[in-house]
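Here is a guided walk through one protein chain. Keep the sequence and the model side by side as you read.

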Amino acid sequence: VVLSAEHKKIRDAVENHRRDVKYTLHNLLRTGLAPVFPEALWKKILLDQVVDFDEINAFFFSTKLDLDPTPVSTVESALHKALGRSAEKKTVSSSVVWFRCFDKYVKAVETIFPYRTNELRAWREHIDDLFTSKVEESHARVIAYDIAARKVIGSNPAILFNQYNAPEITKLQRAFLDRDGVRYNDIGGTGGSAKSARTKLAKKREREICNNWNEGKCFRSACSRRHVCSSCEGPHVVTLCKPKSS
């Protein structure tokens with residue numbers, strides 16, 4: 001694969017960081033110029049690896065306090081400690097939360113790779129278009145697609161965020177967002193799994209009385225509804241139900 005000048009610039013920077021990522025991170029935090037961001041995730045930014053937005057969400061927007069009494073040595077460390085740690089996760093479950101986390105991510109990336117602004121803006125607009133074109137119940141699928149696509153982009157130096165028309169990315173978009181896509185049912189309409197929704201429906205039917213059976217019209221060998229009287233729940237059809245004497 002022939003890489004463009006932009007691809008090579010990012011690759012060369014990553015290789016430079018990889019030589020001693022701990023030292024690079026230490027120097028970055030010492031400057032005081034870097035935006036507050038989970039320290040564990042800074043390493044992924046330096047190496048241009050996929051970042052878990054659930055961890056960004058937990059770090060900045062969790063209400064859980066860090067009561068660890070361990071002293072900190074720098075202002076930067078104090079900020080990180082006050083805001084929380086990336087070990088906790090808080091699921092990104094809506095477009096509003098996704099944009100909030102993505103914008104925090106962009107600030108961190110631009111600190112290390114200031115020439116990637118337009119590339120990141122293109123991905124933001126791409127996801128925004130998808131959110132806008134889908135009903136809110138399908139936004140969970142857009143978020144799932146974003147996660148899968150960013151994993152590919154983070155593991156393939158030949159694909160940048162503004163190359164969402166690359167075959168590897170469009171294939172994922174079809175898989176998650178097309179109604180007949182192979183990953184479409186991985187995510188339910190409200191963010192839960194489709195399998196869970198089907199299980200709840202099956203349990204609901206198990207509690208329901210079969211009206212067709214009561215009318216002599218159910219010929220299923222394995223009906224999911226109860227074959228009992230719809231009036232008294234006895235072992236007979238409703239037409240044979242004898243009312244109790246008062």
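## A buried charge pair

Both Glu-119 and Arg-116 are buried. Their side chains meet in a salt bridge, at 2.8 Å from N to O. As background, side chains of opposite charge can pair when their charged atoms come close. Arg-116 also lies over the face of Phe-113, at 5.4 Å from the ring centre. Keep in mind that this is a predicted model.

Which residues belong to the network that salt bridges with shared partners build around Arg-116? We return to that below, once the other salt bridges are in view. Start with the whole chain.

The protein chain has eleven helices and zero strands. From the N terminus on, the order of elements is α-α-α-α-α-α-α-α-α-α-α. The chain has 246 residues, and buried residues make up 36% of them. Its accessible surface comes to about 15300 Å². Carbon and sulfur atoms account for 52% of that surface. Now take the contacts between residues at least 6 apart in sequence: 56% of them join residues at least 24 apart.

Which residues of α6 are buried? They are Ser-95, Val-97, Trp-98, Phe-99, Cys-101, Phe-102, Tyr-105, Val-106, Ala-108, Val-109 and Ile-112. What covers them includes α1 (5-18), α2 (21-31), α3 (39-46), α4 (53-61), α7 (117-133) and α8.

Ser-95 is found in helix α6. Leaving aside neighbours within four places in sequence, Ser-95 is in contact with Phe-131 and His-139.

Aromatic rings come next. A search of the whole structure finds 16 aromatic pairs. One of them joins Trp-98 and Phe-102, and this pair is stacked, with 4.8 Å centre to centre and 10° between the planes. Why are Trp-98 and Phe-102 separated by about one helical turn? Because they are four residues apart in helix α6. Both Trp-98 and Phe-102 are buried. Ring pairs also build a cluster. Its members are Phe-53, Trp-98, Phe-99, Phe-102, Tyr-105, Trp-123, Phe-131, Tyr-145, Phe-161 and Tyr-164.

Move on to helix α8, residues 139-155. Ala-140 lies in this helix. Ala-140 has a relative accessible area of 18%, so it is buried. Ala-140 and Leu-177 are 37 residues apart in sequence. In space they are 10.0 Å apart, C-alpha to C-alpha.

The side chains of Asp-146 and Arg-150 meet in a salt bridge, at 2.9 Å from N to O. Asp-146 and Arg-150 are four residues apart in helix α8, so about one helical turn separates them. Both Asp-146 and Arg-150 are buried.

Two residues have backbone angles worth a look. Most residues other than glycine have a negative phi. Asp-48 has a positive phi of about 55°, although it is not a glycine. Asp-48 is found in the loop between α3 and α4. Is Asp-48 buried or exposed? At 19% relative accessibility, Asp-48 counts as buried.

Glu-233 has a positive phi too, of about 65°, and is not a glycine. Its place is in the segment after α11 (211-214). At 46% relative accessibility, Glu-233 counts as partly exposed.

The salt bridges now number nine in the count. Among them is the bridge between Glu-233 and Arg-226, at 2.9 Å from N to O. Arg-226 has 29% relative accessibility, so it counts as partly exposed. Salt bridges that share partners join Asp-48, Arg-116 and Glu-119 into one network. That answers the question left open above, and it brings the positive-phi residue Asp-48 together with the buried pair of Glu-119 and Arg-116.

Notes: Residues numbered from 1 in each chain as written. Predicted model: local features only at pLDDT ≥ 70, side-chain atom pairs only at ≥ 80, totals over all residues. Heavy atoms only, no water. Helix = DSSP H or I, 4+ residues; strand = E, 2+ residues; numbered from the N terminus. Buried < 20%, exposed > 50% of the residue type's maximum accessible area, 1.4 Å probe, protein only. Contact = heavy atoms within 4.5 Å. Areas by Shrake-Rupley, 256 points an atom, 1.4 Å probe, with all protein chains shown as cover. Phe/Tyr/Trp six-rings, centres within 6.5 Å; stacked < 30°, edge-to-face > 60°. Lys NZ or Arg CZ within 6 Å of the ring centre and 35° of its normal. Salt bridge = Lys/Arg side-chain N within 4 Å of Asp/Glu carboxyl O.
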